[in-house]
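Please go through the predicted model below, from its overall fold to its surface patches.

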Amino acid sequence: MEKEFKKEISFEDEIDLYELILIFKKRIKYVAGVFVLGVFIATVVSFLMPNIYQARATLWVDFF
């Protein structure tokens with residue numbers, strides 16, 4: 001009986017990866033929706049921002 005008891009012991013800080021995968025599978029539409037919404041907002045913001053192009057050059061000419 002003591003052997004059976006040792007097999008059933010589980011730790012409280014244990015992470016069950018299978019359970020996490022099942023939760024992710026349930027929420028995959030939510031995750032994909034947030035991702036697509038973020039890409040859409042980033043695209044709109046990038047097209048609405050004004051284009052600012054600026055260049056500088058310094059030329060030093062040394063005469064001997």
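In which helix does valine 45 lie? Valine 45 belongs to helix H3, which covers residues 28-48. Helices here are DSSP runs of H or I with at least four residues, strands are runs of E with at least two, and both are numbered from the N terminus.

This is a predicted model, in which local features need pLDDT of at least 70, side-chain atom pairs count only at pLDDT 80 or more, and totals for chains, interfaces and linings use all residues. Residues are numbered from 1 along each chain as its sequence is written, and side-chain values use heavy atoms, with hydrogens and water left out.

The protein has 3 helices and 0 strands, giving the pattern α-α-α along the sequence. Its average pLDDT (the predictor's confidence in each residue, from 0 to 100) is 85, and 84% of the residues score at least 70. Confidence is lowest in helix H1 (residues 2-7), with a mean of 54, and highest in H3, with 96.

Of the 64 residues, 0% count as buried; buried means under 20% relative accessible area, exposed over 50%, and partly exposed in between, with a 1.4 Å probe and protein chains only. The protein exposes about 7700 Å², of which carbon and sulfur atoms supply 66%. Valine 45 is partly exposed, because its relative accessible area is 40%.

Valine 45 is also part of a nonpolar surface patch with Leu37, Phe40, Ile41, Val44, Leu48 and Met49, together about 700 Å² of accessible area. Patch residues have over 30% relative accessible area and no salt bridge; nonpolar side chains (Val, Leu, Ile, Met, Phe, Trp, Tyr) are joined within 5 Å and like charges within 9 Å. A salt bridge puts a side-chain nitrogen of Lys or Arg within 4 Å of a carboxyl oxygen of Asp or Glu.

A negative patch consists of Glu12, Asp13, Glu14, Asp16 and Glu19. Aspartate 16 sits in the loop between H1 and helix H2 (17-26), and is partly exposed because its relative accessibility is 42%.

Terms used
Accessible areas come from the Shrake-Rupley method with a 1.4 Å probe; for residues, only the protein chains shown count as cover. Lys and Arg count as positive and Asp and Glu as negative; His and the chain ends are not counted. The place of a charge is taken as NZ of Lys, CZ of Arg, CG of Asp or CD of Glu.
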